[in-house]
Amino acid sequence: ARLLRRRFLVLGAVLFLAVLYGSSSVLWTIEVAGAESPEREQILQVLQAMGVRRWTFRHRVDCDAIRREITRSLLQLAWVGVELRGTMLTVRVAPKVAPEIPEGPVDIAASADAVIARLILLAGDAVVREGDTVVRGQIMVVGRAGPSAGDSPVHARALVQGRVWRAGQARIPLTIEQRIRTGRTADQYVLRLARAELRLGRTGRFEAYDSEQFCRTLVSGRDDGSLVEVIRIRRHELHVELIRLSREQAYSAAHDLALSAAMSQVPGEARVIRLSEEVSDESLEPRAVDVRIVVETLEEIGVPQARKSASLPAG
């Protein structure tokens with residue numbers, strides 16, 4: 001009854017709800033992401049031709065139709081995505097990236113020092129044979145230039161597998177020094193005034209310690225030179241303990257480190273053929289154990305390489 005007596009309040013509420021419903025039923029914003037200025041203008045023109053612009057009713061927006069039309073009209077786009085969320089229409093695009101085409105022939109070079117185990121020639125001219133030793137960067141298969149000006153060159157293509165050796169080495173002494181903080185500390189402060197220094201506090205006089213330094217500038221100079229600095233040097237006392245390892249323990253640790261160092265150099269697609277190991281002689285090095293591990297792999301070593309000059313590489 002009170003609301004009926006306040007007719008303008010009821011009318012205002014009804015108008016407010018109508019405006020709210022109407023404003024949520026139309027597009028307020030059209031956003032284009034991932035496109036440069038020329039493509040962005042073309043996309044907006046396509047949308048206008050389809051009748052999609054600001055204040056267009058949401059039920060008239062067909063995202064699939066917009067995506068198909070933009071893809072058909074702009075051939076330079078590799079991907080188009082259209083999303084309608086609330087009162088915002090978002091068009092996301094990704095342009096096509098044209099691959100770089102070399103002007104001259106493409107050769108195949110070795111990616112590592114290796115002995116060629118298998119060579120299957122698909123295109124071009126091979127300048128090495130199975131069993132040959134190659135070094136990294138050496139040309140193994142050369143492409144051919146076009147027989148006449150304007151003809152497309154023949155790019156080299158081949159399957160080249162090689163045996164590659166990679167080494168890892170580690171040294172573990174039989175006596176290891178272990179340094180542990182005891183918990184005792186000593187703080188010393190250094191007040192630096194231009195070139196003069198004033199030291200305050202104690203050094204601790206520890207037999208073994210490690211230290212950390214904290215610096216705070218109180219007054220800076222005009223030329224970025226500090227005029228007044230306060231430096232705190234904190235020393236931590238260390239307890240030094242000598243741990244003696246048996247030769248077996250040192251060998252195990254050195255073997256794991258050397259193997260890890262060698263395997264870290266091996267590509268994931270390579271196939272390990274053989275592991276060889278060298279251990280130092282106890283009579284020659286009684287205080288440490290040296291282990292060297294060589295990993296032999298069989299892997300693809302041919303990589304394309306654009307020719308820098310018009311002349312063919314020497315075989």
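In which helix is Leu 15 found? Leu 15 belongs to helix α2 (residues 7–23), where helices (H or I, at least four residues) and strands (E, at least two) are DSSP runs numbered from the N terminus. The structure is a predicted model, in which local features need pLDDT of at least 70 and side-chain atom pairs count only at pLDDT 80 or more, whereas totals for chains, interfaces and linings use all residues. Residues are numbered from 1 along each chain as its sequence is written, and side-chain values use heavy atoms, with hydrogens and water left out.

Leu 15 also contributes, with Phe 8 and Leu 11, to a nonpolar surface patch that has about 370 Å² of accessible area together. Patches are made of residues with over 30% relative accessible area and no salt bridge, like charges being joined within 9 Å and nonpolar side chains (Val, Leu, Ile, Met, Phe, Trp, Tyr) within 5 Å; the areas come from the Shrake-Rupley method with a 1.4 Å probe, and for residues only the protein chains shown count as cover.

In one of them, 3 strands follow the order β1-β3-β2 with mixed pairing, two strands being taken as paired if DSSP finds at least two bridges between them. The edges are formed by β1 (29–33) and β2 (77–85), each of which pairs on one side only, and neighbouring strands of this sheet are turned by 15° against each other on average, direction ignored. Strand β2 runs antiparallel to β3 (residues 88–95) and is joined to it by 8 bridges; Leu 77 has Pro 95 of β3 as its bridge partner. Helix α3 (residues 37–49) lies across β1, β2 and β3 and runs at about 140° to β1, with axes fitted as lines to C-alpha atoms, for helices over the stretch in contact, and angles running from 0 to 180 degrees between N-to-C directions. Helix α4 (residues 63–73) also packs on the sheet, touching β2 and β3, and its direction makes about 155° with that of β2; contact means heavy atoms within 4.5 Å.

The other open sheet has 5 strands in the order β7-β5-β9-β15-β14, with antiparallel pairing. Strands β7 (133–134) and β14 (271–279) each have a single partner strand, so one side of each is left without a neighbour in the sheet. Between β14 and the antiparallel strand β15 (residues 288–300) there are 8 bridges, and Ser 276 has Val 294 in β15 as its bridge partner. Helix α5 (residues 247–263) lies across β9, β14 and β15, at about 30° to β15.

Salt bridges, defined by a side-chain nitrogen of Lys or Arg within 4 Å of a carboxyl oxygen of Asp or Glu, come to a count of 14. One of them joins Arg 144 and Asp 125 at 3.0 Å, N to O; Arg 144 lies in the loop between β8 (139–142) and β9 (157–173) and Asp 125 in strand β6 (residues 125–126), so this pair ties together parts that are 19 residues apart in sequence. Arg 144 is partly exposed at 38% relative accessible area, as is Asp 125 at 32%, where buried means under 20%, exposed over 50% and partly exposed in between (1.4 Å probe, protein chains only). In a further salt bridge, the closest N and O atoms of Arg 234 and Asp 187 are 2.8 Å apart; Arg 234 lies in strand β13 (residues 226–244) and Asp 187 in strand β10, so parts 47 residues apart in sequence are tied together.
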